[in-house]
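Please look through the sequence and the model before reading the points.

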Amino acid sequence: VAAGCANISVLASAYQINRMRGCPATNRRALFMRIVGVIPVVGLTACLSTAFAAVSVCFELVRNCYVGLVVFWLLELGFEMLGGFEAACGSLAVSRPVSITIFEGQYEGEDRGSAGSPAAVFASRRLLMWVWWGATQFVYVNSTVSALLALLSLLSLVQHLPPFLGDVTILTMEVLQFASGLCAVLALTVFLTTTRKTLHQLKYTARGKLGLVSSVVLLNGIQQPLVRALDILGLIPDTAVFGGPAKVTLWANFLLALECVPLAAYAMVSFPQAELYDPEVRAPLRRDSEDEEERFALLTRIASDSGGSTQRSQ
């Protein structure tokens, strides 16, 4: 059953990636393909972990590393569509959404409360730096914890581990992975929510891509600790197929393989045909003359208010 679900998700993702070949050969197309590629990676590693439970930690390490990179690629795609980090700062400063007003209180100057002010630029930069940190920390935490779990599993094959490295310790590390994934999803949600007006003008379906990546991150993160917690409480009985020391791994990866089928179907909706082939889907801050004028006026105002420190303000 797990192999059948993995094959369905791989075929659906392969069809979608082949459809994306019609896009212009840009960084945007490469990011699209990498994000969609998380579905077959998750499906295949879950299926292989179910078939070869003894070395499942190796497949889980590959899966967790790729899932962490997908979070970073979605953030990179958002900056790509906005024209880069500096263009995103300028766009947020001009639009001045509610989320950046939290950071305006940290600005030491007096010019606050208006769109395009130095305080708005300062708050936009702080918000984007927080988003960047929230997304990238998941890459390091997820891969590091997965490597430690793989190391513990390999050591357990050689020698008997002390009691403090039992199921409770492994559960704690898996909960840490899940908490890191929650922080990354929160950071992506804040970023794509504050820039949704600009991205909507681009015909960029941020909601679908955020839902896809968030679903993969949360399902991959919560599956293992939830099953392990239920097993510690004695709520998962041994069966003929799912039993023994690898019971938690078998159940978690089996469920994850089943969930790849609806994820593959959802990925088909997250990348609509118009977005893949419409030549007008580009970064507006690089093309729109009105936005260029707003950015130039904003930078001029910052330079005049900085008292001569033009280089630092830019």
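The model is predicted, and the values given for it are computed from its atoms.

**The cavity**

- Rolling a probe the size of a water molecule over the atoms shows where empty space is left.
- In this model the count comes to one cavity of 30 Å³ or more, and the largest cavity has a volume of about 40 Å³.
- The lining of the largest cavity is made up of Phe138, Asn142, Gln177, Phe178, Gly181, Leu182, Val217, Leu218, Asn220 and Gly221.
- At least two lining residues come from each of helix 7 (118-158), helix 8 (167-194) and helix 10 (206-232).
- Sorted by class, this lining holds five nonpolar and five polar residues, and no charged residues.

**Helix 11**

- Helix 11, which runs over residues 247-270, has 24 residues and should span 34 Å at 1.5 Å a residue, and this agrees with its end C-alpha atoms, which are 34 Å apart.
- At Cys260 there is a bend of about 30° in helix 11, and a proline, Pro262, follows within four residues.

**Ala54**

- Ala54 lies in the loop that joins helix 3 (38-51) and helix 4 (56-82).
- Because its relative accessible area is 64%, and exposed means over 50%, Ala54 counts as exposed.
- Although Ala54 and Ser153 are 99 residues apart along the chain, their C-alpha atoms are separated by 9.1 Å.

Notes: Residues numbered from 1 in each chain as written. Predicted model: local features only at pLDDT ≥ 70, side-chain atom pairs only at ≥ 80, totals over all residues. Heavy atoms only, no water. 1 Å grid on protein atoms, 1.4 Å probe; cavity = no way out; pocket = protein on both sides within 12 Å on 5 of 7 lines; lining within 4 Å. Points joined across faces, edges and corners; volume = space filled by probe spheres on them. Nonpolar A, V, L, I, M, F, W, Y, C, P; charged D, E, K, R; others polar. Expected span 1.5 Å × (residues − 1). Bend = angle between axes of the 7 residues up to and from the residue. Buried < 20%, exposed > 50% of the residue type's maximum accessible area, 1.4 Å probe, protein only.
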